[in-house]
Every structure is written in C-alpha cells, then in structure tokens.
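Please read it with the model open beside you.

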Amino acid sequence: MAGGYFLTILIFTAMYISLALSLNILTGYAGQVSLGHAAFLGIGAYTSAVLTVRYETPFWVAFLAAILLTGLIGTFLGLPSLRVRHDFLVLATMGINFVVVSVFKYVDFFGGAMGLVNIPAPTLFGITFRGGIPYFLLTVAYALFTLLICWYLSKTWSGLAFQTIRNDEDAAASLGVNPARYKIYAFGISAALAGGVGSLYAHFLGSVFPDNFVFVESIGMLSMVIFGGIGTLRGPIVGAILLRLIPELLRFIQDYRFTFYGALLVLMMLFQPMGLLGNESWLWRQITRWFRASSHGGKETTQ
C-alpha cells in the first residue's frame, strides 16, 4: 500500500517535471511570463478524455491528438503576446486560464462541473495499465522526451532567438529576429508539450474536472520554474521534484501548499530571482566554484 502511494507521488512528480520544462520554454527561454499554463494541461486532458470516452478512440491516437490540438490552440492563444508585454501579458495569460476553465465548466459537451469520468486506461501490446511501474516508466519517458526537446531548442538558432527576445525585444528586432514569429513558436511548443502531460494526467486519474486546471495550478507550475532556476534545464527539474515532494514530506502544509508556493515565489523574486540553481544564483556559484577547485586540486596532485 505504501509502495503504491510512493509510486503515485513519483508519477505525479514526473508529470510536473514535464510541465515545468514546457513552461520554461515560454517563460525561461523566451521571457514570456505566463500564469495560464494549467489551461494547456486542461486542454490536453479534455482532448484525450473526449476522444476516448465519447468516440472510443485508442489511447495512443488520443495522446498524439492532445499534443497536436493543444499546440494549435496554444499558438492561437499566444497571439495576445504580440500586442502586450510584461505585466499586461501576465494578466492576459491569467485571463486565458479563467476562460478555458469556464468553457469546461459551463459547456455540457465537456461534462460541466461534473467533468468526464470512466476514462479508459492505456493499453500497450494488449496489456492494460493505469498506474504502477509501467505508468511511471511512461511518464518518465515523456519527461525525458520533453527534456530532449528543451535541450535541442537551447542549441539551435531558435533557442538563441528566444534568448535575444527575452533580453531585449527591440534589440532582437533590430538584429533581424522576428519577435512575433518566435513568441508564437514558444507558445505553440510549450502548449503542445503541456497537452501531452494532460493526456497522461487524464488517463492516470480516470476522470477530469474543471477544478483540476484552475489558476492556482498555474502558480504552482511557475513556482517550480522560478524556484529551481529559470532559463536552465536543471532548474525546472529540481524545482518540480522539490515542490512536489516537500508537501508530501511535510504533511501539515499539504492544505496550504498554494500559500506556500506563493510565499516562496515572492521570497525567490526578492532574494534569489535566478532561483536555486540558476546561472547566477548563490548556490550554483558555490557548486561551480567547488568543482573548479576540485578539478584544479586533482590536476596538481597528478602533476
């Protein structure tokens, strides 16, 4: 029983690593702060749930459809980023989250407030599984896929364009980078990856409800990115692991986890805006200094 509970925590942690990495593409790489990422998780979850429950579509087809459709909707919803910046963009993404949740809640096709239930478990080679080690491996594989996409983006011209836009959008435009195009790319890729997590989320729980994707969930995801180290690969991973595990280890704060996330977000912005393991953070400087000293000491010993 305890092993099953522990495995469930690990499955959710792997899913939130993917979510934090996907949000990092938009907020960390391209500098477009979003407080609406839970909406993309919800769109992916409902896409997969509707296709499998109402149309009896196989899981793997629904999974791919969730990624593609969420990416397309994310591209469309990213259009406001072309007209607004900074605080206004934050408000716009927040509004998107409220609108998406309202559609799920008040449109009968999506089950209304009662949501969609009896979502079938995935099958692979004739074996049906909803949880356990097979599902954990599936979520880990998707987290590795998301990490690979993030790493690849960071090494390409698109990744460089994202960073240029993040540092100075006007300067980027003067250098020939098209900010509008790359902002839309960032929204589309980030949303598509979150949509894949949504599909895994829906089929793991077996049901989806509008309240699973509310605004405070977006705050939790953004907290993971900022707490771990925004704009890096290691930061969102460490942030997701710690912020998923800390409420489980400290059960007395479980009911106050969103308050904890909010307070943590404020403290990190005040004292460590680059996060725990960001490139210019205090802890990361100490770690790199220690590695350099160890490497230098090792060479002297060899000589």
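1. H9 and H11 are oblique to each other, a class left for angles that are not roughly parallel (under 35 degrees), roughly antiparallel (over 145) or roughly perpendicular (65 to 115). The axes of H9 (residues 215-228) and H11 (residues 257-271) come within 9 Å and cross at roughly 40 degrees, where axes are lines fitted to C-alpha atoms, for helices over the stretch in contact, and angles run from 0 to 180 degrees between N-to-C directions. Helices here are DSSP runs (H or I, at least four residues), numbered from the N terminus.

2. Before going further, please note that this is a predicted model, in which local features need pLDDT of at least 70 and side-chain atom pairs count only at pLDDT 80 or more, while totals for chains, interfaces and linings use all residues. Residues are numbered from 1 along each chain as its sequence is written, and side-chain values use heavy atoms, with hydrogens and water left out.

3. In the contact between these two helices (heavy atoms within 4.5 Å), the H9 residues include Val216, Ile219, Leu222 and Phe227, and those of H11 include Phe258, Leu264 and Met268. The residues of this contact divide into 12 nonpolar, two polar and two charged, with Ala, Val, Leu, Ile, Met, Phe, Trp, Tyr, Cys and Pro counted as nonpolar, Asp, Glu, Lys and Arg as charged, and the others, Gly among them, as polar.

4. H9 itself is mostly covered, with 13 of its 14 residues buried, that is, under 20% relative accessible area with a 1.4 Å probe and protein chains only. After H9 comes Gly229, whose phi is positive, near 145 degrees.

5. H5 (residues 132-154) and H8 (residues 179-205) pack at an angle of about 175 degrees with their axes 11 Å apart, and they are therefore roughly antiparallel to each other. Among the residues that meet are Tyr135, Tyr142 and Phe145 in H5, and Leu193, Gly196 and His203 in H8. The residues of the contact of H5 with H8 divide into 12 nonpolar, five polar and no charged.

6. Two single residues also deserve a look. His37, which lies in H2 (residues 37-54), counts as buried at 0% relative accessibility; leaving aside neighbours within four places in sequence, His37 is in contact with Leu19, Ser22, Leu23, Ser190, Ala194, Ser218 and Met221. Thr13, found in H1 (residues 2-29), is buried with a relative accessible area of 7%, and, with the neighbours within four places again left aside, Thr13 is in contact with Ala240, Ile241, Arg244 and Leu245.

How values were computed:
Buried means under 20% relative accessible area, exposed over 50%, partly exposed in between (1.4 Å probe, protein chains only).
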